[in-house]
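I opened my notebook beside the model. My plan was to go residue by residue, then to the packing.

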Amino acid sequence: MMTVKEFWARVAINAVIIVIGVVMLTAEIGLGGLVLVVGLLGIIWTAIRAIRQTSKMNRAIEEKRRRS
């Protein structure tokens, strides 16, 4: 299960990767676009994991409420 701290750490790491990609693109270094795409995919994957986890937690809370 991903904690809030872990979520923001992942977002920060991916943001740094995106910044590196932008710098590489600006400096016209060949792999800048690839690095930028990897950073964006990392943020998208983190968001998908967070949404899945949230919906899983919501289902568990609803199930607990039904039992009560």
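This is a predicted model: local features need pLDDT of at least 70, side-chain atom pairs count only at pLDDT 80 or more; totals for chains, interfaces and linings use all residues.

Residues are numbered from 1 along each chain as its sequence is written, and side-chain values use heavy atoms, with hydrogens and water left out.

G21 sits in helix 1. I noted that helices (H or I, at least four residues) and strands (E, at least two) are DSSP runs, numbered from the N terminus. I then listed the contacts of G21, setting aside residues up to four places away in sequence: G32, V35 and L36. Contact here means heavy atoms within 4.5 Å. I also checked G21 against R49: they are 28 residues apart along the chain, and their C-alpha atoms are separated by 23 Å.

Next I took N14, also placed in helix 1. N14 is buried, at 9% relative accessibility. Leaving aside neighbours within four places in sequence, I found N14 in contact with G39, G42, I43 and T46.

Then the helix pair. How do helix 1 and helix 2 pack? I read an angle of about 160° for helix 1 (residues 4-26) and helix 2, with the axes 7 Å apart. Axes are lines fitted to C-alpha atoms, for helices over the stretch in contact, and angles run from 0 to 180 degrees between N-to-C directions. The two helices are therefore roughly antiparallel; angles under 35 degrees count as roughly parallel, over 145 as roughly antiparallel, 65 to 115 as roughly perpendicular and the rest as oblique. I logged the crossing of helix 1 and helix 2 as left-handed. That label applies if the near helix is turned anticlockwise from the far one by less than a right angle, and right-handed if clockwise.

On the helix 1 side, the contact residues include F7, R10, V11, N14 and G21. On the helix 2 side, G32, G39, T46 and R49 are among them. By class, I recorded 14 nonpolar, seven polar and two charged residues in this contact. Ala, Val, Leu, Ile, Met, Phe, Trp, Tyr, Cys and Pro count as nonpolar, Asp, Glu, Lys and Arg as charged, and the others, Gly among them, as polar.

I moved along helix 2. I44 lies in helix 2 and is partly exposed, at 47% relative accessibility. I44 and V11 are 33 residues apart in sequence and 9.5 Å apart in space, C-alpha to C-alpha.

Q53 is in helix 2 too (residues 32-67). Is Q53 buried or exposed? I have Q53 as buried, with a relative accessible area of 15%. Not counting residues up to four places away in sequence, Q53 touches M1 and M2.

I checked the loop between helix 1 and helix 2, where E28 is found. E28 is exposed, at 73% relative accessibility. From E28 to R59 I noted 31 residues in sequence and 48 Å in space, C-alpha to C-alpha.

Last, the rings. I found one aromatic pair in the structure. Rings of Phe, Tyr and Trp (its six-membered ring) pair if their centres lie within 6.5 Å; planes under 30 degrees apart count as stacked, over 60 as edge-to-face and the rest as tilted. F7 is partly exposed, at 23%, and W8 is exposed, at 54%.

Definitions and conventions
Buried means under 20% relative accessible area, exposed over 50%, partly exposed in between (1.4 Å probe, protein chains only).
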